[in-house]
Amino acid sequence: MAEVRTVPVPVDRAAVEALSARLDEPAWMRQGRLAAWEALGRLAPPSPADEEWRRTDPAVLSVDGLQPGGPDPDGPLPEALADLLGRWASPAGVLVHRNVRAVRASVDPALAARGVVVADLPAAARQHPDLVRRWWMTEAIRPQDGYLAALHAAAGTGGAVVAVPDGVEVAAPILVVTWIEGDRLILAPHLLVVAGRASRLTVIAATGSAGEGSALTVPAVEVVLDEGAHVRLVTLHQAGPHVREVGVIRAVLGKDSALHTLQAALGGRVTKLRVESILAGPGASSEMLGLVFGDDHQHVDIHTLQEHRAPHTLSDLLYKNAVRDRARSVFSGLIRVHYGAQKTNAFQANRNLILSEGAKADSIPNLEIMANDLRCTHGSATSRLSEEHLFYLMSRGVTRSQAVRMVVEGFFAEVLDRVPLEPVRELLAERIEAKMAV
């Protein structure tokens with residue numbers, strides 16, 4: 001008897017199969033994609049009644065009239081994309097997608113000889129099937145986790161795999177870029193990062209676009225750290241003014257591993273992200289940094305999770321949001337400490353700066369504590385520009401606009417100073433300067 005669906009499925013089976021064929025996925029990956037598509041019919045889509053969606057209209061996920069994957073652009077790289085790639089002189093690896101198509105894929109030959117993988121996801125599934133089958137959407141993110149995960153798995157448009165074997169240290173960053181070109185597209189890129197025991201690496205993941213094209217992206221990033229691994233992950237969200245992005249970034253940390261993340265949300269029309277660190281092994285530590293600057297009518301909604309499942313773990317979160325014009329930022333952070341996760345240290349701070357009367361910032365810090373031998377702090381603060389501070393700076397000979405710019409730069413400095421990557425700091429400083437100049 002045919003299965004009775006309870007909710008509408010936003011993409012049809014033919015489109016799902018066409019995407020799989022276009023990407024030349026192996027049969028097992030296609031089967032997983034179709035299973036996720038079937039699951040969509042059993043999962044309720046987000047509702048305004050859901051706490052997570054109270055401040056963002058679920059209509060942001062509408063796929064009406066959108067083309068899965070979009071065209072395959074050709075010709076020279078767009079100027080903005082070339083500029084982004086040119087900021088790193090000697091990266092350890094580079095993978096660039098223009099929509100679905102991987103147009104550049106390289107890895108340092110010496111690192112490749114030691115087993116480092118930087119590859120397009122479907123290609124990696126064919127060339128390294130054991131690696132991808134073991135980790136792709138099996139532990140950090142799974143299609144059965146909910147509607148968004150299932151939609152991502154069903155409508156996936158490829159992505160990237162970065163894997164570093166046990167004991168290998170990658171000194172230079174690995175760049176993974178998804179560039180959106182065209183109009184009325186839906187893209188669901190996936191980034192899988194696997195760090196072996198006692199390995200070290202830095203990954204810069206960027207999503208961008210230029211022009212007035214509209215798109216919905218449903219990205220997923222999953223990071224798996226084995227015992228003693230050290231990973232730094234920077235995600236740059238700088239798409240054009242008509243791009244909606246709804247995604248999840250989740251990391252699972254093993255024993256004595258360390259993860260440093262930075263989420264920088266500066267572009268797009270709507271950005272809604274879940275950013276989660278699952279400290280699963282004793283001695284694991286996670287630093288979570290965030291930088292949000294919204295202007296015009298931008299809407300940025302970020303939910304974070306610091307989940308301590310093991311004892312002797314540490315998490316430290318600092319998110320700073322600035323909004324101007326009619327922009328709105330939402331930060332909702334949760335520290336969850338499980339039974340038995342004694343000797344936990346968890347810290348959470350969110351600071352918001354409102355630059356215009358029409359702008360708005362929401363901050364919702366939360367704690368769920370099920371252990372009794374730990375230190376946890378959380379707090380948030382929201383402030384407006386101080387006329388007294390501006391007057392002081394203007395009395396030193398600067399204009400009001402220069403004074404405001406100096407205040408904003410100082411506000412974000414605490415985050416940027418904790419990122420030991422000069423090209424990242426320079427890029428973000430330029431983007432902030434450009435927003436202030438409008």
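**Pockets, cavities and helix contacts**

About 410 Å³ of space lies in the second largest pocket. The model is predicted: local features need pLDDT of at least 70, side-chain atom pairs count only at pLDDT 80 or more, and totals for chains, interfaces and linings use all residues. Residues are numbered from 1 along each chain as its sequence is written, and side-chain values use heavy atoms, without hydrogens or water.

A pocket is an open set of points on a 1 Å grid over the protein atoms alone, with protein on both sides within 12 Å along at least five of seven lines. A cavity is a set of points where a 1.4 Å probe fits but cannot get out, and lining residues have an atom within 4 Å of a point. Points are joined across faces, edges and corners, and a volume is the space filled by probe spheres set on them.

The second largest pocket has 18 lining residues; Glu52, Asp145, Gly146, Leu148 and Arg274 lie nearest its centre. Helix 7, strand 13 and strand 15 (270-279) each supply at least two lining residues. Strand 13 gives the most, with four. Helices (H or I, at least four residues) and strands (E, at least two) are DSSP runs, numbered from the N terminus. By class, this lining has 10 nonpolar, two polar and six charged residues. Ala, Val, Leu, Ile, Met, Phe, Trp, Tyr, Cys and Pro count as nonpolar, Asp, Glu, Lys and Arg as charged, and the others, Gly among them, as polar.

The largest pocket has a volume of about 520 Å³. Of its 22 lining residues, Ala239, Gly240, Pro241, Leu266 and Gly267 lie nearest the centre. Helix 10 gives the most to this lining, with three residues. The classes are eight nonpolar, nine polar and five charged.

The structure also holds six cavities of 30 Å³ or more. Strands supply at least two lining residues each, among them strand 5 (159-164), strand 9 (200-209) and strand 13 (243-253). The lining divides into 13 nonpolar, seven polar and one charged.

The second largest cavity has a volume of about 100 Å³. Glu25, Arg33, Leu121, Trp136 and Gly156 are the closest to its centre among 14 lining residues.

Axes are lines fitted to C-alpha atoms over the stretch in contact, with angles from 0 to 180 degrees between N-to-C directions. Contact (heavy atoms within 4.5 Å) joins Arg13, Val16, Glu17, Leu19 and Ser20 of helix 1 to Arg30, Arg33, Leu34, Trp37 and Glu38 of helix 2. Four of these residues are nonpolar, one is polar and five are charged.

Helix 9 (residues 400-416) and helix 10 (residues 422-437) have axes that come within 11 Å and cross at roughly 150°. This pair is therefore also roughly antiparallel. Helix 9 contributes Val404, Arg405, Val408, Glu409, Phe412 and Leu416, which meet Arg425, Leu428, Ile432, Glu433, Met436 and Ala437 in helix 10. The contact has eight nonpolar, no polar and four charged residues.

How values were computed. Parallel < 35°, antiparallel > 145°, perpendicular 65-115°, else oblique.
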